[in-house]
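Welcome to this short tour. Open your viewer, get ready to select residues, and follow along stop by stop.

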Amino acid sequence: MSILTLFVVIPALMLLGLWLAKSLNQVRGVMVAGASCLLALSVWLTIYFVQQRAAGNTDVMLLTASTPWFKPLNIAYSVGVDGISVVMLLLSSIIVFTGTFASWQLKPMTKEYFLWFTLLSTGVYGFFICTDMFTMFMFYEVALIPMYLLIGVWGSGNKEYAAMKLTLMLMGGSALLILGILGIYYFSGATTMNVNEIAAMHNIPVETQKVFFPFIFIGFGVLGALFPFHTWSPDGHASAPTAVSMLHAGVLMKLGGYGCFRVAMYLLPDAANELAWIFLILTTISVVYGAFSACVQTDLKYINAYSSVSHCGLVLFALLMMTKTSCTGAILQMLSHGLMTALFFALIGMIYGRTHTRDIRYLDGLMKIMPFLAVGYVVAGLANLGLPGFSGFIAEMTIFVGSFENGDTFHRVATIIACTSIVVTAVYILRVVGKILYGEVKNPHYLELTDATWDERVAVICLIACVAGLGLFPLWASNVISDAVGPILANII
């Protein structure tokens with residue numbers, strides 16, 4: 001058994017521990033212990049992977065293992081990681097760890113909440129370690145289903161509507177996915193569902209590829225906030241509890257970009273080259289539309305949700321540019337945006353828990369009342385608008401430089417249009433920071449509010465350290481990702 005299976009076994013043990021827990025302290029203890037083990041495991045895996053590459057190990061996938069599961073359809077429990085999987089596992093473990101502390105004071109039904117939260121994270125981990133298409137799809141579904149209850153029960157606002165809308169739209173994407181996966185399997189003539197083995201065969205007819213590529217790309221693209229299938233995202237983010245918003249925007253939406261690249265483009269390269277221009281137009285709309293929509297919102301969560309539509313659109317945009325630099329930038333953007341948006345949603349949840357409003361028209365002078373949370377919000381905002389020294393700058397500049405490497409007019413015009421989102425992002429970030437943090441405190445009740453508690457400080461400090469660390473020391477991540485992008489891109493172009 002591969003050590004990667006621990007990413008599924010540890011959450012399973014956490015579920016058992018939570019079920020047996022009798023008190024709130026025991027529930028918290030199980031979550032902290034499990035999240036810490038997963039974080040330590042992902043850090044070890046990242047160091048191991050970097051060391052293997054430094055030692056000259058050129059295998060595309062490391063720590064591979066495969067166990068037959070359902071032989072009539074050649075389904076196997078196949079696992080393995082490359083550089084893309086490694087950074088996604090690291091991102092997931094960071095957000096699960098910090099999300100645990102962000103939910104420290106959550107009530108009621110804390111035990112049940114953490115049970116569903118852990119099940120959601122199990123699906124995420126399983127998706128990133130699997131190399132079998134059907135097993136990936138299974139874990140993908142495991143990650144989606146808990147969202148309905150987490151939002152519908154523990155959410156806020158119009159939570160029942162948001163939970164139902166999110167679930168129905170993502171299930172629609174799943175229906176497209178299963179059709180595409182079965183189409184690839186039967187028309188490739190493969191005796192396996194292993195993604196890497198099917199890609200090596202190169203025997204799916206071009207016309208067949210063109211039929212099933214939209215199924216796979218749109219199916220994953222729905223979760224990646226692809227226009228016009230993004231409408232579930234703002235409502236879902238706005239209604240979800242804090243840690244669920246962190247995991248949802250920080251990790252779950254990354255499953256979309258990961259699947260588009262690893263499955264749709266990798267296995268159907270001819271169709272990807274022929275149809276990329278259609279989806280490139282849609283992703284360009286996502287980037288610009290999301291940024292402008294964020295400008296006109298007054299709810300902090302909706303602002304960040306539409307910002308996520310823009311930034312996740314930038315991921316798909318860069319992947320469709322199909323240069324090594326742009327695709328490396330896309331994965332860096334997935335990592336960077338995951339950390340930044342988790343930080344944003346954590347801070348928004350902490351501010352809302354004190355002021356009981358997310359409407360920027362009624363928030364002011366928070367810097368004087370809760371300086372720690374206010375400074376954290378400033379840092380998150382500066383990272384989000386791409387200030388040098390933070391992860392957002394590295395990711396976005398890599399994307400735009402790589403996209404502009406395409407010499408034709410169409411790709412360069414699309415890149416220029418997408419670049420306008422940088423300016424628009426600065427507008428809504430600076431507007432919000434100036435409005436809610438500075439100036440006089442107009443609501444006298446705010447003067448009685450307290451700053452962050454110790455558990456909230458743990459979550460915020462960890463995320464800020466990661467955002468700044470990736471911005472100041474991006475080379476290790478860029479090299480790890482670039483080594484993984486190369487073989488996939490070679491199969492596409």
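The bond in question is a disulfide, a covalent bond between the sulfur atoms of two cysteines; here a disulfide is counted when two cysteine sulfur atoms are within 2.5 Å. Searching the whole structure turns up 0 disulfides.

Next, select C462, which is in no disulfide either: its nearest cysteine sulfur, in C466, is 6.7 Å away. (Buried means under 20% relative accessible area, exposed over 50%, and partly exposed in between, using a 1.4 Å probe and protein chains only.)

A note before moving on: this is a predicted model, where local features need pLDDT of at least 70 and side-chain atom pairs count only at pLDDT 80 or more, while totals for chains, interfaces and linings use all residues. Residues are numbered from 1 along each chain as its sequence is written, and side-chain values use heavy atoms, leaving out hydrogens and water.

Now select residues 371-384, helix α16. (Helices are DSSP runs of H or I with at least four residues, numbered from the N terminus.) Of the 14 residues in α16, 10 are buried, including L373, Y377 and V378. To see what covers them, show α13 (300-321), α14 (324-355) and α18 (409-437), which are among the helices that the buried residues of α16 pack against.

Finish at G386, which follows α16 and has a positive phi, near 90°.

How values were computed: Helix = DSSP H or I, 4+ residues; strand = E, 2+ residues; numbered from the N terminus. Expected span 1.5 Å × (residues − 1). Contact = heavy atoms within 4.5 Å.
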